[in-house]
Amino acid sequence: MAIEQSVSMATAKDSLFVAAADDAKASGRWTETVVAERAEVVLNRAVNAEYRHLVVRCGPVAASAVAGQFFQLLCPHPDGEQPFLRRPMSLYGADPAKGEVEFLYKVTGAGTRGLASLAAGDRLDMMGPLGKGFTLDPALRHIVAVGRGAGLATLAPLAKAARANGTAVTAIFSARRPDLMVSVDLFRSHGAEVITVTDSEGTSGPAHVERILRGLIAEARADAFFTCGSSRLMRVQQRLAAEFAIPGQVAMEQQMACGLGLCFCCVRDFHVGGEIVHRRVCWDGPVFDLMEALP
Ligand SMILES: Cc1cc2nc3c(=O)[nH]c(=O)nc-3n(C[C@H](O)[C@H](O)[C@H](O)COP(=O)(O)OP(=O)(O)OC[C@H]3O[C@@H](n4cnc5c(N)ncnc54)[C@H](O)[C@@H]3O)c2cc1C
Ligand code: FES
C-alpha cells in the first residue's frame, strides 16, 4: 500500500513537473541546455594505434556544446562485457550548422571497446552537453595550450574558438611516442603553432616543457594557460602562473557515475582562498581555475 501510494505520488509529481515544463517552454522561459538523444553515427575510424575519431549527427542543443564541456555516452556492450554506467567524453568538435559533434577517444576498457564497435548509421545514446567549459576572453592576444594523452582531445575545440576571437595559440602537446600524438593537424589547420614533446624522444619532462614555456613568456606569447591531461605539466604552469601573474584554466578528469552533480563520486579537493574545498568535477567543472586545482 505504502509503495503504491509513493508510486502514485511520484507519478503525480512527474506529471506536475512535465506540465510546468511544458508551460515554461510554451512561454519561452525555458531553454533546454542538456538533452539525451540517440544520435546517428556518421563515422568512427581509427586515427592511430590507440585513438578513434567518432562523429555523430545530433540535435541543436548537443551541437551547441563548447570547448571543455563533455557528454555522457551510453556505450554499446562488447561481447561478454557490461559497461554499466555512461562514460564521460569531452567535446572534440561541434558544427551547429551541420548538427554534428565529434569525439576523439582512446580505447582503454569495456566502454570504449563498445564505442569502437559502432558503425556509420548506428545510434549512440548520449546525454549533454554537460559541465562548465573553458572561458576564452576575446581580449587575450596569445594563449598557450598544454596537453597530454586524452587531454589533447579536450583542448582541441579551443583552437577553433581562439581563431574566431583572433587569439593566437601556441600548443605544447605531449605523448608517449610521436605516432600516438593527436590533434596536431587540427590545431595547425586553425593557425596554431604546435610544439610536440614525447617520452620516446626524451623531450616530455617537466624541466624541458618549463624551458619552452619560459621562452614563450619572454616573447610575450603567454597571456593565459589552458591545460588538460597531465598533473606534472599542470604543476609547472601553476608555478609559472604564480611567478608571472598569468591566468589559467585546467580541465580535470575524474571517474564519473551520473555526470549530473547528483552522486558525488567525482568530488576532488581544491585550494580556494587559503582553504581546501570539495567540488564535483562534473558539475562545478570539469574546467577550473588553474591556481585552485590540486594534482
Ligand atoms: C570530463 C571527462 C572527459 C573525458 N574526455 C575524454 C576524451 O575526450 N577522450 C578520451 O579518450 N577519454 C576521455 N575521458 C576518459 C574516459 O571517460 C575514460 O577513458 C573512459 O570512461 C574509460 O571507459 P572504459 O569503459 O573504456 O574503461 P574502464 O574499464 O572504465 O577503465 C579503463 C581504465 O581507464 C581508467 N579510467 C576510467 N575512467 C577514467 C576517467 N574518467 N579518468 C581517468 N581514467 C579513467 C580506469 O581507471 C582504468 O584504468 C574523459 C573523462 C572525463 C571525466
Ligand atoms: S559524477 Fe555524479 S556528481 Fe559527478
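How do the residues of the shell around ligand 1 divide into nonpolar, polar and charged? The legends below take up this question and then turn to other parts of the structure, which is a predicted model.

**View 1. The shell around ligand 1.** The shell divides into 12 nonpolar, 8 polar and 3 charged residues. Ligand 1 is surrounded by 23 residues, and the closest of these are Ser90, Gly109, Gly111, Thr112 and Ala150. Two or more residues of the shell are given by each of the strands β4 (87–90) and β6 (100–106) and the helices α3 (110–116) and α4 (151–165). Both domain 1 (35–130) and domain 2 (142–292) contribute to the shell around ligand 1, with at least three residues drawn from each.

**View 2. The largest nonpolar core.** This core holds 72 residues, among which Ala145, Ala156 and Leu158 touch the most other members. Helix α4 supplies the largest share of the core, namely 7 residues. Because domain 1 (35–130) and domain 2 (142–292) both give residues to this core, it lies between them. In soluble globular proteins, nonpolar side chains tend to be buried together.

**View 3. The surroundings of alanine 156.** When neighbours within four places in sequence are left aside, alanine 156 is in contact with Tyr92, Gly93, Leu104, Ser183 and Leu186. Alanine 156 is also one of the core residues that touch the most other members.

**View 4. Helix α7 and the elements it packs against.** Helix α7 (residues 231–244) consists of 14 residues and reaches 20 Å from its first C-alpha to its last, which is close to the 20 Å expected at 1.5 Å a residue. Its buried residues are Leu233, Met234, Val236, Gln237, Gln238 and Ala241, and the buried residues of α7 pack against the strands β8 (142–148), β9 (168–175), β11 (224–228) and β12 (248–251) as well as helix α6 (206–218). Alanine 245, which follows α7, has a positive phi, near 55°.

**View 5. Leucine 233 within helix α7.** Leucine 233, which has its place in helix α7, has 26 other C-beta atoms within 10 Å and is therefore buried, the cut-off for a buried residue being 20 or more. Leaving aside neighbours within four places in sequence, leucine 233 is in contact with Val146, Arg148, Ser174, Pro206, Val209 and Thr227. Serine 204 is 29 residues apart from leucine 233 in sequence, while the two are 9.3 Å apart in space, C-alpha to C-alpha.

Key:
Residues are numbered from 1 along each chain as its sequence is written. Chains are lettered from A and ligands numbered from 1 in the order in which they are written. This is a predicted model: local features need pLDDT of at least 70, side-chain atom pairs count only at pLDDT 80 or more; totals for chains, interfaces and linings use all residues. A residue is near a molecule or strand if its C-beta atom, placed from the backbone, lies within 6 Å of it. Helices (H or I, at least four residues) and strands (E, at least two) are DSSP runs, numbered from the N terminus. Ala, Val, Leu, Ile, Met, Phe, Trp, Tyr, Cys and Pro count as nonpolar, Asp, Glu, Lys and Arg as charged, and the others, Gly among them, as polar. Domain bounds come from an automatic or database domain assignment. The expected span of a helix is 1.5 Å times one less than its number of residues. A residue is buried if 20 or more other C-beta atoms lie within 10 Å of its own, exposed if 12 or fewer, and partly exposed in between; C-beta atoms are placed from the backbone. Two residues are in contact if their C-beta atoms, placed from the backbone, lie within 7 Å. A nonpolar core is a set of buried Ala, Val, Leu, Ile, Met, Phe, Trp, Tyr and Cys residues joined through C-beta atoms within 7 Å.
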